[in-house]
Amino acid sequence: MIRNSTLLFFLMLVVCGNVLGQAFTTTPSFPSPDQPITITLDLNQAQDDRAEALLDLSQKGELFLWSGVGNEDPFEYTPEEQTDFGAALPEPFEFTPLGDDVWSITINDITSFYGVPNGTEITRMGFLAKNTAGNAQTEDFVIEFVQGFALRVNEPASDNVFVTPGGNLNISAETNQTATFTATFEGNPVDTYTGTELDFTFSPPSSGTMEITAVSGTSESLNASFNIVLSTPTQVQSLPAGAVPGINYNQADDTEATLVLQAPLKNSVYVVGEFTGWDILPEYQMYRDGEYFWTTITGLTPGQEYAFYYLVDQNIRVADPFSAKILDPFNDPYIPASVYPDLKPYPAEAPAAGDDRLSVLQTAQVPYSWEINDFQRPPQEELIVYELLIRDFFGDNFGDGSQSYSNLIDTLGYLERLGVNTIELMPIMEFNGNNSWGYNPAFMFAADKFYGPADSLRHFIDEAHKRGMAVILDMVLNQNDYPSPLVKMYWEDGQPSNESPWFNRTATHPFNVFFDFNHESPYTEEFVDSVNRYWLESFRFDGFRFDLSKGFTQTDYGTDVGAWSSRDEGRIAILKRMADQIWAYDPDAYVILEHFADNTEERELANYGMMLWGNMHFDFVPALNDPSSTNSIQGLYARNRGWNDNHLVGYIESHDEERIMYEMLTYGGSEGDYDVTDLSTALNRVKMAAAFHLLTPGPKMIWEFGEMGFDTSIQKCPDGSLSSNCRIDRKKPRWDYLNDPERAKVFEVYRSILDLKTENGAVASGTFDWKPSQETKWLSYTGSEGTLIVLGNLGLTEDELRVPFPAIGTYYDYFTDGELQVTSTGYTFTLAPGEFHILSDQDLSPTASDLVPFELGEVTGLGDNSARRAGIVSYPNPVEGRLFMEWPVNQKVETIIIRDIMGRPVATYTPSGNNSLQVNTSTLPEGTYFIQYYTENTVLLDRFLKK
């Protein structure tokens, strides 16, 4: 590695930009703050994936400088015009195109440009390049200003250089003052020169260290050194028995570990780390066994953490893709010590001043001691899932130390009280950056350190299991971000190369972000199976929600979203194979897909045992805001989609959608004095939506704070403005809503409904019926423990709702003290706008009171012969064999249900355009039966006696 007698030498390397890539240069080459500076930027060498969009620019006024100057903080002083990252900047901030994606900009008076106070010393300049909208940019670059004597090595450009035996190496160095240069190799003199530039050619006799010393006319001395490695062919040797890709610890010897890297088509790999002094040493060249490279590291101190990386084909630095812990020079410094105590710092001696991630190995680790070893997962159809993003669940300020796995443990009591039995964490695999939704993963086996140590995550899952709660991980296997070693090892022209065993060069489907896995590749299959098993085994997650599962396809759909959503046999096979591998290891693990594909495909996957997200947001919101819309919520019920099993995880909000409270408060309709945009009105409509949503059969999901009427727009920016560019920006939590009596009532309604759903036998196992298509809606259950009916008016004016009751008796209004004596099988309710009720033939009043402002109003019995009054006849009555039903030709009957005296359906018919129906009743037991005729606008009732 390059060793420096002074910090100044290292700082001068930074002036040249990315050492391996030369992303930028400066004129003069040794800049100072008291003279003009020209920056020349080569966008082709930028490392941030957001910079790819800048390659399309070519005109002045399209690329802008965003910069600052300072000392420790290189952005301490910024130009006063530099205020809006999402807007264009004035002409002095415009880069000039030079062609081939190379740009330049000149700043003539640095102190004036940045408004540096008189007499203030500045030592650093930070900058990046961005487009007009600010949605494409380079990474941050830092220029160190020169003060005094300085030395820079220009060739070789790397701190480790490979030379073939007998080959020559060009060496050049320069200073900003006349100096005497001396070059030595392994202590032996090689060359001397006096001037400002040293240039010579050297043929190294062996691997070793080249040192260059420069002495100024005032006898000030600077020196630097770099490592020269004679490249030799990789030795072939069989992989040790049982060794797998990643870090293999020897359980019998805590002083060694075997490292294995799968790297098809590569020729050589060295392991470099703290145990090599960060030098590339011949003895750490890895052996090859087919497409696997491996070596065993010995002499390790048990329990000590060692940082390392792989050098692939002499020029690609990557961490181990199977690392359970990663060191990140860009983001680790911003992790609070309270969240991750004693986090190993990124080694200052690491290559190129820490330009990428490093892996960590540690022998003799103490395994987490699990307390719960016999957790019984809730049945699939009874899941009540709470989706949350740790980043946005705690704390007023990002990075204040509250966003942690540990804080989740302290919140389990709240979630338990709410009534959820499953927690779904948005992605927590090591992602690029700290401030993220997590859908840009880079290391699939590492828990992101921004939320705390991995054992804190295990502790959270253990504590959740103690309370009977399952924990699901939002798994991202459609894509990886650039820091992923699997991406970086096969990289060409800003995207994965055609040689990549894991990734498509170009994504096969719309909506892809970052880099698209090839799920038909056996390499990807093996990797996917390893990832899934790891999180089930090492952390005891109870299953996964697979993000963008519709993207698991090799059919090239281009940008055609409609075609992409059509049935795809290859995708079905990919997902079944993956699920089979999960269930082979963990037969009860949940497999949930974010799919949104053709219903025949979703039905097949659901019938196979998987669950699928059911997004009802775009049906519920119009119903809540503008009831004149024709939106139906019947898709919330899996059986209405033709599925055999109720494997639809229905939801009305998730991380992806605008908040329903915000939409009502912003776009809600009004009629007379009734206004949906009124806060109290909107909160009560949220309660009604919860009743219909949560009490429809099947697994359900709630997005964080939806139970309080969360109303912060998904497009809210940190400065309070609204922009689609801010969709994934942090949204502050609203725990303060629990101190608001009206918001607290929403929570109690959610809690009470969930208690009813999980404890009531009718909901758990009953027969379900509903009318979801009109402004006034109802649903009902009849089960072994009784009957439950939900009814509500989503309209903006008073309306009547006719509800069939499956059995007579006393019904109790769940949220009030109201009672209803049912003496016939049908009643008409007069409902105010937004009014809803939950009726049960059991007295199941919730613990809290005064949660809704509604009392049972005018109710009119339909009578058992309302069908006859409408001209519908059934005969003979009593009946022994065939029963005839007839209705007027202008009366459209959509469905006919025959129920027994307990309200249980015994037969259902769908007339096919006729105005009559014949039914054979010979198989029915003797007794009284009810007939329900479902017409376009109502339900009409009749009864008959079977002899």
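# Aromatic pairs and a buried aspartate

Student: Is Phe275 buried or exposed in this model?
Tutor: The model is a predicted one, and in it Phe275 has a relative accessibility of 15%. Because the cut-off for a buried residue is under 20%, Phe275 counts as buried.

Student: How many aromatic pairs does the structure hold, and at what centre-to-centre distance do Phe275 and Tyr306 form theirs?
Tutor: The structure holds 57 aromatic pairs. One of them is formed by Phe275 and Tyr306, a tilted pair with 50 degrees between the planes and a centre-to-centre distance of 6.2 Å.

Student: How many residues apart are the partners Phe275 and Tyr306?
Tutor: Phe275 is placed in the loop between strand 17 (269-273) and strand 18 (287-289), whereas Tyr306 belongs to strand 20 (residues 305-312).

Student: Is Tyr306 buried or exposed?
Tutor: Its relative accessibility is 8%, and the cut-off for a buried residue is under 20%. Tyr306 therefore counts as buried.

Student: What kind of aromatic pair do Phe517 and Phe527 form?
Tutor: The ring centres of Phe517 and Phe527 are 6.0 Å apart, and there are 25 degrees between the planes. Because planes under 30 degrees apart meet the cut-off, the pair of Phe517 and Phe527 is stacked.

Student: Which ring lies under Arg545, and which under the charged end of Lys550?
Tutor: Arg545 lies at 4.0 Å from the ring centre, over the face of Trp613. For the charged end of Lys550, the distance to the ring centre is 4.3 Å, and the ring is that of Trp564.

Student: Which residue has a side chain joined by a polar contact to that of Asp711?
Tutor: Asp711 is found in the loop between strand 39 (700-703) and helix 14 (741-759), and is buried, with a relative accessible area of 17%. Leaving aside neighbours within four places in sequence, Asp711 is in contact with several residues, including Met661, Tyr662, Leu665 and Tyr737. The polar contact of 2.8 Å joins the side chain of Asp711 to that of Arg743.

Conventions. Residues numbered from 1 in each chain as written. Predicted model: local features only at pLDDT ≥ 70, side-chain atom pairs only at ≥ 80, totals over all residues. Heavy atoms only, no water. Helix = DSSP H or I, 4+ residues; strand = E, 2+ residues; numbered from the N terminus. Buried < 20%, exposed > 50% of the residue type's maximum accessible area, 1.4 Å probe, protein only. Polar contact = N/O pair within 3.5 Å; in protein donor to acceptor, adjacent residues only side chain to side chain. Contact = heavy atoms within 4.5 Å. Phe/Tyr/Trp six-rings, centres within 6.5 Å; stacked < 30°, edge-to-face > 60°. Lys NZ or Arg CZ within 6 Å of the ring centre and 35° of its normal.
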